[in-house]
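Hello,

Here is the structure I promised to pass on to you. Have a look at it first, and then read my notes below.

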Amino acid sequence: PPSQPEAGKQRRSGLAAGKQKTEVNMIDDKELYNRVWLALKSDPMIDPGKIEVVVKDGTVTFKGKVSTKLEKMSIERMVKHIDGVQAIIDEGLLVQ
């Protein structure tokens, strides 16, 4: 997978809105990034080449473009079930 870029200030949504997982599930950010990237690549409806993924302290941030709202919702639903994800930040995952 491509290298993970640095994250700036971010607005939390998704799991952060009251559904954060406990620290028991915390794993290394690099391992979590690899799990997220593999999940994105494994779904034929998702074009991971248009999505930037950043993982910091178990929080997964997405930026980029998706084709449909269904694709965006599918990404968020898939990622929130990955063990180790503490929160999801949607910082500009735009539907085009």
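A residue is called buried when its relative accessible area is under 20%, exposed when it is over 50%, and partly exposed in between (1.4 Å probe, protein chains only). By that rule Asp43 is buried, because its relative accessible area is 16%.

Before going on, a word on where this comes from: it is a predicted model, so local features need pLDDT of at least 70, side-chain atom pairs count only at pLDDT 80 or more, and totals for chains, interfaces and linings use all residues. Residues are numbered from 1 along each chain as its sequence is written, and side-chain values use heavy atoms, leaving out hydrogens and water.

Back to Asp43. You will find Asp43 in the loop between α1 and β1 (51-56); helices (H or I, at least four residues) and strands (E, at least two) are DSSP runs, numbered from the N terminus. Not counting residues up to four places away in sequence, Asp43 touches Ser74 and Met78, where contact means heavy atoms within 4.5 Å. Its side chain also reaches the backbone nitrogen of Met45 at 2.8 Å. From Asp43 to Ile75 there are 32 residues in sequence, and 9.1 Å in space, C-alpha to C-alpha.

Ile75 belongs to the largest nonpolar core, which has 19 residues. Such a core is a set of buried Ala, Val, Leu, Ile, Met, Phe, Trp, Tyr and Cys residues joined through side-chain atoms within 4.5 Å. The members touching the most others are Val36, Val53, Val60, Phe62, Ile75 and Val79. At least two residues come from each of α1, β1, β2 (59-66), α2 and β3, and α1 gives the most, with six. Leaving aside neighbours within four places in sequence, Ile75 is in contact with Leu40, Ile46, Ile51, Phe62, Val66 and Leu93.

How many salt bridges does a search of the whole structure find? It finds two, a salt bridge being a side-chain nitrogen of Lys or Arg within 4 Å of a carboxyl oxygen of Asp or Glu.

- Arg35 pairs with Glu31, their closest N and O atoms being 3.1 Å apart. Because they are four residues apart in helix α1 (residues 29-42), about one helical turn separates them. Arg35, at 30% relative accessibility, counts as partly exposed, and so does Glu31, at 36%.
- Lys72 and Asp90 form a salt bridge at 2.9 Å, N to O. This pair links distant parts of the chain, with Lys72 in helix α2 (residues 69-80) and Asp90 in strand β3 (residues 87-95), 18 residues apart. Both Lys72 and Asp90 are buried.

Enjoy exploring!

How values were computed: A polar contact is a pair of N or O atoms within 3.5 Å; within protein, one must be able to donate a hydrogen and the other to accept it, and residues adjacent in sequence count only if both atoms are side-chain atoms.
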